[in-house]
Amino acid sequence: MSTAMHTELTVTVWPGLTARLLRTDEGRETLAQYRDSGGYRPLSDAQGLLGDIGAAGVLGRGGAAFPMAVKLSTVRRASARGQDTVLVANGEEGEPASVKDRWLLRNRPHLVLDGLRLAAQIVGARHAHVYVSDPASAEAVHAALAELAGELDGVTVGVRTVAPAYVAGEESAAVRAINGGPAKPTDKPPRVFEEGVGGLPTAVCNVETLANLPFVHRHGAAAYREVGTDSSPGTYLATVTGGGRPPGLYELPLGVPAADLLISHGIDIDQVRGALMGGYFAGMLDRRILDTTLDHASLQAAGSGLGCGAVSVITEECPVAVGAAVLAYYDRENADQCGSCFNGTAAMAAAARALRDGVADADDVARLQRWSTVLRGRGACATLDAACNIAASMLAMFGADVTRLLAGERGGATPYDALRPFEVESL
C-alpha cells in the first residue's frame, strides 16, 4: 500500500446526513451557486457570531482540535487594543493521506472564503491570506476572488503558494513563508497570535475549520450541535485510504463508529490489522480501532487521535514495516533546523528499519522505546513528536509483531511506501 496514489477519489456524504461541507455536483462551485445556497450572508454582529462559535463548540480541523472561539478571541483582543491583525486560511495540508482541504479549496472556494470573511471580521483583520501548496487550489481561489471583484466586506485577500512539505503546514511556517521566508517553522515564543504576518497578531486557521463558520452564521449553535457528540459536535471530513480500496472522502457526523466507516468504504473488517490515524501524526492503532467511535474523546481513550481526520487502514502489511516506512518519511521530511529532530528522526528510523529487516536486537528496541519518550517536545515544531507517536504506538500496539521479528520470523511480504504527497487525479 502507498499513500502516493494517483487515482480517482470517491466523495460521499454519510447516509441520512444533510451535507454541510461537501457538494455532490461536479466542478468548482460558482459565486452565483454559492449565493443561491445562502452564502455570504451579511454579518451584523461579530461579537454575537463569536459567541455562537463558542456555544457550537467548533474545534479546529487541522489536527490539534483547538477551540475555534478561543483562537479568534485571542486575536480579537489585540484588535480591541488598537492593533492591526491578520487572518490566514491554512490549506497547505502537509499531513500525508489527507485530501480534504484540497477538495474544499478546489471545489468550494467560496465556502472557505466566506468562512475567512467571517473570521476576519471577528478578529478585526483587514488583510487575509490563503496559504496553499496545491496549484489547483490556488487557481480555484484566484478564480473565486475574481468573481468577487475584490469585494469581501473590506478584507483584502492574497494567495501564497509554497512547495509541499510536511513542515510547511505548521502555523509559524505559514507565517514565515507569507513574510517572504522559507516555509519552515520558527522558534516559540513569540506565537503567531502575538507576532505573525508582518509582525502583527495573526489567526492561522485550517480551511475546513473556516468552512464550518458559515453554517453557524446561518443556522446557529443549536443547529450545529444537532449532529456529532457533546464534546465533538458537528460534521467532519474523513479521508480513508488503504485496505486495497481506492481512496474516499467522507462527510460524516463526529461519533460515527469507525467500523461502520470502514465497512461503508468496502473494507473487510476481519482483515483489518490496524490503521494510521490523523494522517501519520496520531500514530498507529491496532484492531481496537474497530471498537472506537470517530471523535476526539473515544480515540484518545484508545491511545490515538482523530487529528486531521485521515485514516489509513492496515490489512496485509506488516505493522512494523508500516511504522518503519513512516519513520523514514519523517527522517526525510524534517526541516533540517533542529539537531534533536534531525538526529532523532534518523535514529528512530534506523532502529525501526533494522527491526523490520530482522537485524535488530532487544537493545535496539529498548533504545527506540526510550527515544520515543525522551525526544518529545524538542525542536521548533511537532515533527519529532509525530515520529515519537509512531514509534511508541508501534511498540505498544504491535508488540507481538515486534517479538516475532526479534525471533527471526518474517513480518509479511506486502511492502508499505510512506510517500508524499497523496495525490488524486480528480478532486
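**Helices H12 and H13**

I began with the crossing of H12 and H13, which is left-handed in this predicted model. I looked up the axes of helix H12 (residues 319–333) and helix H13 (residues 339–356), and found that they come within 8 Å and cross at roughly 155°. On the H12 side I listed Val320, Ala321, Ala324, Leu327, Ala328, Tyr330 and Asp331 as making the contact, and on the H13 side I noted residues including Phe342, Met348, Arg353, Leu355 and Arg356.

**Asp401**

I then turned to Asp401, which lies in helix H16 (residues 399–406). Is Asp401 buried or exposed? I recorded a relative accessible area of 9% for Asp401, which makes it buried, since the cut-off for that word is under 20%. Leaving aside neighbours within four places in sequence, I found Asp401 in contact with Arg273, Pro319 and Val320; Val320 had already come up as one of the H12 residues in the contact with H13.

**The four-stranded sheet**

Next I traced an open sheet of four strands, in the order E4-E3-E2-E5 and with parallel pairing. Its edge strands are strand E4 (156–161) and strand E5 (202–206), each of which pairs on one side only, and I noted an average twist of 20° from one strand to the next.

I followed the pairings across this sheet in turn:

- Strand E3 (residues 127–132) is joined to E4 by six bridges, and the two run parallel; within that pair, the bridge partner of Val130 in E4 is Val159.
- E2 and E3 pair in the parallel sense over five bridges, with Ala89 standing opposite Val130 in E3.
- E2 and E5 also run parallel, joined by five bridges, and here Val86 stands opposite Thr202 in E5.

How many residues of E2 are buried? I found five of the five, so I describe E2 as largely enclosed by the rest of the structure. Both faces of E2 are covered, with Val86, Val88 and Asn90 buried on one side and Leu87 and Ala89 buried on the other.

Helix H8 (residues 207–219) lies across strand E2 (86–90) and E5, and runs at about 90° to E5.

Helix H7 (residues 171–178) is mostly covered, with six of its eight residues buried; I wrote these down as Ser172, Ala173, Ala174, Val175, Ala177 and Ile178. The buried residues of H7 pack against E2, E3, E4 and E5. Just after H7 I came to Gly180, which takes a positive phi of about 105°.

**H2 and H8**

I went back to H8 for its meeting with helix H2 (residues 46–56), where the axes come within 10 Å and cross at roughly 105°. H2 and H8 are therefore roughly perpendicular to each other. From H2 I listed Leu49, Asp52, Ile53 and Ala56, which meet Leu213, Val216 and His217 in H8. I sorted the residues of this contact into five nonpolar, one polar and one charged.

**The six-stranded sheet**

I traced a further open sheet, of six strands in the order E1-E7-E6-E10-E8-E9 and with mixed pairing. Strand E1 (10–13) and strand E9 (284–285) stand at its edges with a single partner strand each, so one side of each is left without a neighbour in the sheet. Strand E8 (residues 274–277) and E9 pair in the antiparallel sense over two bridges, and Ala275 has Leu285 as its bridge partner in E9. Helix H4 (residues 100–107) packs on this sheet, touching E1, strand E6 (235–242) and strand E7 (245–253), and its direction makes about 120° with that of E6.

**Ala80**

My last entry concerns Ala80, which lies in helix H3 (residues 68–80) and counts as exposed at 71% relative accessibility. I also looked up the distance from Ala80 to Gly124, which is 44 residues apart in sequence and 8.1 Å in space, C-alpha to C-alpha.

Terms used: Residues are numbered from 1 along each chain as its sequence is written. This is a predicted model: local features need pLDDT of at least 70, side-chain atom pairs count only at pLDDT 80 or more; totals for chains, interfaces and linings use all residues. Side-chain values use heavy atoms; hydrogens and water are left out. Axes are lines fitted to C-alpha atoms, for helices over the stretch in contact, and angles run from 0 to 180 degrees between N-to-C directions. A crossing is left-handed if the near helix is turned anticlockwise from the far one by less than a right angle, and right-handed if clockwise. Contact means heavy atoms within 4.5 Å. Buried means under 20% relative accessible area, exposed over 50%, partly exposed in between (1.4 Å probe, protein chains only). Two strands pair if DSSP finds at least two bridges between them. Angles under 35 degrees count as roughly parallel, over 145 as roughly antiparallel, 65 to 115 as roughly perpendicular and the rest as oblique. Ala, Val, Leu, Ile, Met, Phe, Trp, Tyr, Cys and Pro count as nonpolar, Asp, Glu, Lys and Arg as charged, and the others, Gly among them, as polar.
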